[in-house]
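Please examine the fold displayed below, beginning with the chain as a whole and then moving to one helix and its surroundings.

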Amino acid sequence: MGNLTTPKSVQKLQMALHAKAKAEAGYRFYALYDKIFREDILAHAYAQCRSNKGAPGVDGQDFPDVEEYGVQRWLGELALALKEETYRPDPIRRVFIPKANGKLRPLGISTLRDRVCMTAAMLVLDPIFEADLPPEQYAYRRGRNAQQAVTEVEETLFYDHPEVVDADLADYFGSIPHSELMRSLARRIVELVCTRNRVVGFDLVEMNPGLDPSQITALLSVQILVEAIGFLHHR
């Protein structure tokens, strides 16, 4: 999400969370919620969202609107809503974009407020689940890409491992089971603050499986479920 330099205070928190998660595979984190509305976390989350630009959500608010209102004032009000647990995610604006095969891909556009909140949640949660991921996973990880995966496959072929399995999951984001996702989260996190069937940062409607792939935290959900599959496989 952008090429911004992460503030040292945020780096310090992320490094501490990652180190603890790496050192203790069974450790369950608590007292994380208040980290999401820390001033430095929210400020960096806003900067990340600002660098990514993006269209307004259902409220029509864009970044110039926030800057006219006052970024610090706007972030302060968001922090207060999170602290007092009065924060409620807004509805997602649905649009459809054409695909190469002529079909339409649904895309959900969150409000700036929700995008900042989701990014703040990512800044806190990502280091924990990143520590659990196997070294052979390249998808949806910061600093890794498909080209690196291809290079590793090439090297493995060279060392007499000639079989390559190419598989794809159909409608992955549209079929993510919420109960399994929540159990996977709970393996590492004790506290989850819920507001109207939504965990802060995750848009979860109980009766409908799946996540919108445009959601910032949808990428983290992939990491969590892939890690959970690996956990069950190695038990």
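Helices (H or I, at least four residues) and strands (E, at least two) are DSSP runs, numbered from the N terminus. On this basis the protein chain has nine helices and two strands, in the order α-α-α-α-α-β-β-α-α-α-α from the N terminus on. This is a predicted model, in which local features need pLDDT of at least 70 and side-chain atom pairs count only at pLDDT 80 or more, while totals for chains, interfaces and linings use all residues. Residues are numbered from 1 along each chain as its sequence is written, and side-chain values use heavy atoms, with hydrogens and water left out.

Of the 235 residues of the protein chain, 39% are buried, that is, under 20% relative accessible area (1.4 Å probe, protein chains only).

After helix 3 comes Lys 53, with a positive phi near 60°.

Leaving aside neighbours within four places in sequence, Leu 42 is in contact (heavy atoms within 4.5 Å) with Ile 36, Phe 37, Leu 75, Leu 78, Ala 79, Leu 82, Val 116 and Ala 120.

Notes. Buried means under 20% relative accessible area, exposed over 50%, partly exposed in between (1.4 Å probe, protein chains only).
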